Amino acid sequence: MVSGPVVLGIESSCDETGAGIVRDGKLLAHVVASSMDEHALFGGVVPEIAARAHLQAFTPVVREALDRAGLRLSRIDAVAVTTGPGLSGALQVGLAGAKSLAYAAGVPLYGVHHLAGHVAADTLEHGPLPGPCVVLIVSGGHTSLLLVRDLARDPILHLGDTLDDAAGECFDKVARIMGLPYPGGPAVDRAARDGDPRAVRFPRPLTRPGDDPYAFSFSGLKTAAARWVEQHRLQGLDLPVADGAAALQEAVADVLTRKALAACAAYDVRTLIVVGGVAANSRVRALAEQRCAAAGVELRVPPMTLCTDNGAMIAAVGELLVRAGAEPAPLDVSIDPSAPLERASLTPLPPTPLPLTPAIVGPAS
């Protein structure tokens, strides 16, 4: 039996340098180097530090991925790389490295949308995506509800997106206010284990009649949590961090899963896929399982190691694109730090050079 293409994926959109290798929908290797500890000193990701860390980690990470897969670079059939969205300097490092690898191996290069990578991560655990399916992407910078058919061939339909803070961003900011360490998502999850989710009644944004059924907004929830912390400190009371963390986590999980299941019902979809860093949150997973079971909807969530940013998910998209016969990226492909999620393939061209002389705009005389 002839095996499929071997695809090397590179991810460098934020603070993780990832390399993954996929063949026939199976993960052959998966290596991630994180600069999280350096950023934790500043309470958030510092773009210059991230770019420098990618420069240092790129070659060792790729070499280790090849070693784990038992492959030489000459055995790679294609290279896929995140070209957006993300931090500009970080993306530039990954793209430059991926171009070098593709050129050295004499193979095509594919530019991949970072969020499409999160969607494809689930295929490495559960197989091909059922079409159509509803996908809930929840991360530090993104919260979106999508209707996905063929990820490699079809446009991606946005049912709803966050209007302000993403779910992960809300966790990070409130954790900092509560005195919890960065990153906030895992810290809130740990603290919530000893708390009562009913101790504080935090708001559920955009869940009232007449609100957009699929849009998200976590800025107000963040403010409510900040006011709750402020009131305790003004009154000189000890802050019940565990209760606050549990209540905050419950509010986020409630909103996310409520809207996701509403979308499944409205579009008659029987599969919900939850991906992104916040998909690792224990309460989000548990409530999604409970509500999906009650609604007769299949829930698919990638393993926790594939929920955060990684090269394996980019390789998974790359393999889908190769199999679908998608056009590779041109040699002069550039990054797009704010790329909208419209398709899995993301190969923006460099900007058109400005003319040497100004163009005359207006009706001809």
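**View 1. Contacts of Val322 in the predicted model.** Beyond its neighbours within four places in sequence, Val322 touches Pro5, Val7, Ala78 and Tyr110. This model is predicted. Val322 belongs to helix H11, which covers residues 311-323. With a relative accessible area of 25%, Val322 is partly exposed. Between the C-alpha atoms of Val322 and Pro130 the distance is 19 Å, and the two residues are 192 apart in sequence.

**View 2. Helix H8 and its buried face.** H8 has 16 residues, 219-234. From first C-alpha to last, H8 reaches 22 Å, close to the 22 Å expected at 1.5 Å a residue. Its buried residues are Leu221, Lys222, Ala225, Ala226, Trp228, Val229 and His232. Seen down the axis of H8, these buried residues fall within an arc of 155°, so they line one face of the helix. In an α-helix there are 3.6 residues a turn, so residues three or four places apart point the same way. The partners against which the buried residues of H8 pack are helix H6 (167-178) and helix H9 (241-266). Just after H8, Gly236 has a positive phi of about 70°.

View 3. Zero disulfides are found in a search of the whole structure. Cys170 is buried, at a relative accessible area of 0%. Cys307 is likewise in no disulfide, and the nearest cysteine sulfur, in Cys292, is 15 Å away. Cys307 counts as buried, with 0% relative accessibility.

Notes
Residues are numbered from 1 along each chain as its sequence is written. This is a predicted model: local features need pLDDT of at least 70, side-chain atom pairs count only at pLDDT 80 or more; totals for chains, interfaces and linings use all residues. Side-chain values use heavy atoms; hydrogens and water are left out. Helices (H or I, at least four residues) and strands (E, at least two) are DSSP runs, numbered from the N terminus. The expected span of a helix is 1.5 Å times one less than its number of residues. Buried means under 20% relative accessible area, exposed over 50%, partly exposed in between (1.4 Å probe, protein chains only). The arc is that of the directions from the helix axis to the C-beta atoms. Contact means heavy atoms within 4.5 Å. A disulfide is a pair of cysteine sulfur atoms within 2.5 Å.
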